[in-house]
Amino acid sequence: MLIVAGHFTVDPADQAAFVAGRVEAMKATRTENGCLEYAMTADPVDATRVLLFERWADQAAFDAHMAGLKDAPKSTGPAPKGFDVKIYDISGVRSFG
């Protein structure tokens with residue numbers, strides 16, 4: 001399993017529009033084979049951040065997603081000022097609780 005997680009830096013006045021402009025792309029991504037979870041959400045504590053969280057079944061599913069981005073719905077709204085996103089290769093998972 002792969003986890004892709006991080007954040008985008010945005011102007012505080014643009015946070016809601018940034019997220020709203022990516023809803024169609026989020027919906028499309030969630031239908032892709034191997035996509036277990038995909039979300040961008042406003043950070044409730046820091047208005048300059050939009051959080052990204054993705055879970056993919058495996059590297060092949062993520063690679064297919066990245067290859068298909070040219071055909072994906074285009075994001076609208078403001079562009080980010082920057083981003084910090086990491087990819088984590090997870091070898092095991094255990095439930096919490």
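Visitor: Which residues is Gly 34 in contact with, leaving aside its neighbours within four places in sequence?
Guide: Gly 34 contacts Arg 55, Trp 56, Ala 57 and Ala 61. Contact means heavy atoms within 4.5 Å. This is a predicted model, so local features need pLDDT of at least 70, side-chain atom pairs count only at pLDDT 80 or more, and totals for chains, interfaces and linings use all residues. Residues are numbered from 1 along each chain as its sequence is written, and side-chain values use heavy atoms, with hydrogens and water left out.

Visitor: Where is the place of Gly 34?
Guide: Gly 34 sits in the loop between helix 2 and strand 2. Helices (H or I, at least four residues) and strands (E, at least two) are DSSP runs, numbered from the N terminus.

Visitor: Is Gly 34 buried or exposed, or partly exposed?
Guide: Gly 34 is partly exposed, because its relative accessible area is 24%. Buried means under 20%, exposed over 50%, partly exposed in between (1.4 Å probe, protein chains only).

Visitor: Next, the strands. How many bridges join strand 1 to strand 3?
Guide: 8, and the two run antiparallel. Strand 1 also pairs with strand 4 (residues 82–89), antiparallel over 8 bridges. Two strands pair if DSSP finds at least two bridges between them.

Visitor: What stands opposite Gly 6 in strand 3?
Guide: Leu 52. In strand 4, the bridge partner of Gly 6 is Val 85.

Visitor: Why is strand 1 largely enclosed?
Guide: Because 6 of its 8 residues are buried.

Visitor: And His 7: buried or exposed?
Guide: His 7 is buried, with a relative accessible area of 16%. It lies in strand 1 (residues 2–9). Its side chain makes a polar contact of 3.4 Å with that of Arg 49. Such a contact is a pair of N or O atoms within 3.5 Å; within protein, one must be able to donate a hydrogen and the other to accept it, and residues adjacent in sequence count only if both atoms are side-chain atoms.

Visitor: What about strand 2 and strand 3, how do they pair?
Guide: In the antiparallel sense, over 7 bridges. They form a hairpin with 6 residues between them. Ala 39 has Phe 53 in strand 3 as its bridge partner.

Visitor: Last one. How far apart are the C-alpha atoms of Gly 34 and Ala 16?
Guide: They are separated by 28 Å. Along the chain, Gly 34 and Ala 16 are 18 residues apart.
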